[in-house]
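Reader: I am new to this structure and would like to know what lies behind the words used to describe it. Could you show it to me and take the terms in turn?

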Amino acid sequence: MTDPQQPAVPPPHPFAERTAPGPQGRGGPGGRGGAVSTAAMALGLAGLVTVIVSALYLPLGAVLGAVLGVAGAVLGVVGLVSRRRRGAAVTGLASGGLAVLAALVLGVISTTMLVGSLAGPVRSGGAPGSGASSGGDEQTAEEAPWPENMATGGIVFDRDGVVRSDAPESGAPEPAESSAAGSETDAETHAVRVYVDYRCPYCSEFETANGDVLQQLAETGRATVEIIPLAFLDRVSPDGYSSRASGAVACVVDAQPEAAWQVHRHLFDPAVQPSETTNGLDDDALIAAVDEAAGGANERVRSCISSQRFVPFAQALDAWVFDHPVPGAQDPQLRVTSTPFALVDGVPYTGAADDAEAFSAFLAEQGIAVGGAS
């Protein structure tokens, strides 16, 4: 029997337990699960784009791309677990994973290139190099045609100009002393050797600062001066200018040796020398430059440059130099590590390329007076 003093209690609504939480309730489409998925997609795509851009412009930026990719992938997994906005979560996970993978590939490629460059000698003012001057088709020193008057692999100058010599029978460089034997130089004559690349800007600085001194030493008989042209900057050259310029100098030494010093110096003129990464003179322009420096190049020189006769020699010599210790050095393990690389009586010069006073002081330390009468 119902108590008339108590109000009737209505029965619970049959759908009261099934009412979905509002938009702010946990797990709703606008809640944290959906936001996580959206963030995953944004971070994953940002990471992938960062890695792609880094591969084109700044490899170190791939590290940031990888970090963004990891964050995107982790949030993508969280988004999938929450079962909200699965499409965004999957996009974040996939793009983040691709960003990490691409960053790893880019890192492996960059590391391989760095290790390869450090494994070889350091060249051109300290810039990393790799050893050979060009690809696998280059000839060895034994196979390449060898120019006359370069038995050492370099050009030896004394008071009479280029020291004449036949091409070596072995097809490999001979010590400078053997090629200069019989030349009328004093017993006290010193030996200066300079390794150069005609594209190397530091070599141009060295020539500008010290070329007159070297010429004076040779002309007065106080020292033989040996110039060894290399070609390793072909690896950054779009047109093989280093080996073509070295080959052109070899043509002059072979067929018109009296003009060799003038041609050597002229190729370091800033108006002639190209930068390390732009096209240099083509063969016709090289012939014109040689003609200007020589006061008229003979037909043998012109034909030699045009046919690139001694380009294989320049490339083979470059490979030989970087594969062997420096001949006649006081340190038997000494190797060419940069250009310009100068030695006096087997002792390497370690001063700045453009510091004429430092180089003159170094010559004095080795017993060579600069200036005055011979």
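Author: Two strands are said to pair if DSSP finds at least two bridges between them, and strands (E, at least two residues) and helices (H or I, at least four) are DSSP runs numbered from the N terminus. This is a predicted model, in which local features need pLDDT of at least 70 and side-chain atom pairs count only at pLDDT 80 or more, while totals for chains, interfaces and linings use all residues. Residues are numbered from 1 along each chain as its sequence is written, and side-chain values use heavy atoms, with hydrogens and water left out.

Reader: What makes β5 and β6 a pair, and in which sense do they run?

Author: Strand β5 (residues 190–197) and β6 are joined over 8 bridges in the parallel sense, and the definition asks for at least two; within this pair, A191 stands opposite T224 in β6. From β5 the chain passes through helix α5 (residues 201–220) to β6 in a β-α-β crossover that is right-handed, a word used if, with the strands pointing away from the viewer, the path from the first strand over the helix to the second runs clockwise.

Reader: Which sense does the pairing of β3 with β6 have?

Author: Strand β3 (residues 155–158) pairs with β6 in the antiparallel sense over 3 bridges, and V156 stands opposite E226 there.

Reader: Why is β6 called largely enclosed?

Author: Buried means under 20% relative accessible area, exposed over 50%, and partly exposed in between, with a 1.4 Å probe and protein chains only. Because 8 of the 8 residues of β6 (residues 223–230) are buried, the strand is largely enclosed by the rest of the structure. A223, V225, I227 and P229 point one way and T224, E226, I228 and L230 the other, all of them buried. In a regular strand the side chains alternate between the two faces of the sheet.

Reader: How do you know which side of α11 is the buried one?

Author: In helix α11 (residues 356–365), F359, F362 and L363 are buried. They cover an arc of only 100° around the axis, taken from the directions from the helix axis to the C-beta atoms, and therefore lie on the same side of α11. The face turned away from that side carries the exposed residues E357, A364 and E365.

Reader: What covers the buried residues of α11?

Author: The cover, judged by contact (heavy atoms within 4.5 Å), includes α5, β7 (341–344) and β8 (347–348).
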